[in-house]
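This report describes one protein model, moving from its overall architecture to selected residues and contacts. The sequence and structure are shown first.

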Amino acid sequence: MLPDLLLEPLVRAALIEDLGPMGDATCRAVIPPGLTYAAQLNARAAGVASGLRIAAMAFRLVDPALRIEPLRADGQPFAAGDPLLRISGSASSILMAERVALNFAGRLTGIATLTAAFVAQTAGHKARITCTRKTTPGLRSVEKEAVRHGGGANHRYGLSDAILIKDNHIAAAGGVRAVLAAATAARSHMMRIEIEVDRLDQLAEVLAIGGADVVLLDNMTTPQLSEAVALAAGRVVLEASGNMALPRIAEVAATGVDYISVGALTHSAPVLDLGLDF
């Protein structure tokens, strides 16, 4: 799990954005001081939970006196109508934190749920579903955690923790041999090198030169992916990428690739419908 130290600044910033400089004008106007209530975060649709810790944190940051009872843990599946979190205490405090809690939980649960649907298509094969850097600015850590909650794997976190050579790097730096030589010379013993290819002859060139740990097979057809697996023969990790829509995942996994990267997990996951009911 991500530690609270990393999560709290994200939640605090969202609460400050929502409450503004003057707090909740509606609660101040219509909710009597001292009024207490019990509320429940309920699922309107089936899914896989994520962001429930963050939702609970939103309520606690607004009012540490609120009583919070988790009814599902992040990473657990649930059915439509299931209660996920119970909150009791000051009615004003609950209402002030409601939208931020729902925004995080709905967004992250949507990512975990979509990831789980992709993962299900890989059953019986070694391929793992992985995310990309196509995340919401500022929310990468929690969106990548949501992918893990859905059973997926994380790609590199950002630009600093792995060398990923794409077609534009190759064009700018003078070709495959030049970039692999430069990357091999520059990397530390802890850093892996991945290189993107979109043709089988490029894969053959990379294998002949050596130096790459992972090869990204970009926008290849399913037969080409099968040929790439046979050509590599286990010498490098193979990642299939591009046009990885849900209906295609089972056939791609069957080719024998090691990873299938899917940008849609984080950039196109629908928000799952959750509601706070008094």
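## Basis of the description

Helices (H or I, at least four residues) and strands (E, at least two) are DSSP runs, numbered from the N terminus. This is a predicted model, in which local features need pLDDT of at least 70 and side-chain atom pairs count only at pLDDT 80 or more, while totals for chains, interfaces and linings use all residues. Residues are numbered from 1 along each chain as its sequence is written, and side-chain values use heavy atoms, with hydrogens and water left out.

## Overall architecture

The secondary structure of the protein consists of 11 helices and 12 strands. Taken along the principal axes, the C-alpha atoms fill a box of roughly 75 × 35 × 25 Å. Of the 278 residues, 46% are buried; here buried means under 20% relative accessible area, exposed over 50%, and partly exposed in between (1.4 Å probe, protein chains only).

The accessible surface comes to about 13200 Å², and carbon and sulfur atoms account for 57% of that surface. Accessible areas come from the Shrake-Rupley method with a 1.4 Å probe, and for residues only the protein chains shown count as cover. Among contacts with a separation of 6 or more, 70% join residues 24 or more positions apart, a contact being heavy atoms within 4.5 Å.

Helix α4 spans residues 91-120, a total of 30 residues. From its first C-alpha to its last it reaches 41 Å, close to the 44 Å expected at 1.5 Å a residue. The expected span is 1.5 Å times one less than the number of residues in the helix.

A kink of about 40° in α4 is centred on Glu-98. The bend at a residue is the angle between axes fitted to the seven residues ending there and the seven starting there.

## Salt bridges

Side chains of opposite charge can pair when their charged atoms come close. The structure holds 10 salt bridges, each defined as a side-chain nitrogen of Lys or Arg within 4 Å of a carboxyl oxygen of Asp or Glu. In one of them, the side chains of Arg-53 and Asp-4 meet at 2.7 Å, N to O. Arg-53 lies in helix α3 (residues 52-62) and Asp-4 in helix α1 (residues 4-19), so this pair ties together parts that are 49 residues apart in sequence. Arg-53 is partly exposed, with a relative accessible area of 24%, and Asp-4 is also partly exposed, at 39%.

A salt bridge also joins Asp-258 and Lys-126, whose closest N and O atoms are 3.1 Å apart. The pair links distant parts of the chain, 132 residues apart: Asp-258 is in the loop between α10 (249-253) and β11 (259-261), and Lys-126 is in the loop between α4 and β6 (128-130). Asp-258 is buried at 18% relative accessible area, whereas Lys-126 is exposed at 55%.

Lys-166 and Glu-196 form a salt bridge through their side chains, at 3.8 Å from N to O. Because Lys-166 lies in the loop between β7 and α6 (167-173) and Glu-196 in strand β8 (residues 193-197), the pair ties together parts that are 30 residues apart in sequence. Lys-166 is partly exposed, with a relative accessible area of 34%, while Glu-196 is buried at 8%.

Ile-163 belongs to strand β7 (residues 163-165). Not counting residues up to four places away in sequence, Ile-163 touches Ala-183, Arg-187, Met-191, Arg-192, Ile-193 and Glu-194. The C-alpha atoms of Ile-163 and Val-206 are 15 Å apart in space, and these residues are 43 apart in sequence.

His-149 is found in helix α5 (residues 140-149) and is buried, at 18% relative accessibility. Leaving aside neighbours within four places in sequence, the contacts of His-149 are Val-48, Ala-49, Ser-50, Asp-74, Gly-75 and Ala-112.

## Positive phi angles

Asn-219 has a phi near 55°, a positive value in a residue other than glycine. Asn-219 is in the loop between β9 (214-218) and α9 (222-232). Ala-233, likewise not a glycine, has a positive phi near 50°. Ala-233 lies in the loop between α9 and β10 (237-241) and is exposed, with a relative accessible area of 58%.

## A nonpolar surface patch

Leu-35, Tyr-37 and Phe-278 make a nonpolar surface patch of about 280 Å². Patches are made of residues with over 30% relative accessible area and no salt bridge; like charges are joined within 9 Å, and nonpolar side chains (Val, Leu, Ile, Met, Phe, Trp, Tyr) within 5 Å. Phe-278 is placed in the segment after β12 (274-277) and counts as partly exposed, at 42% relative accessibility.
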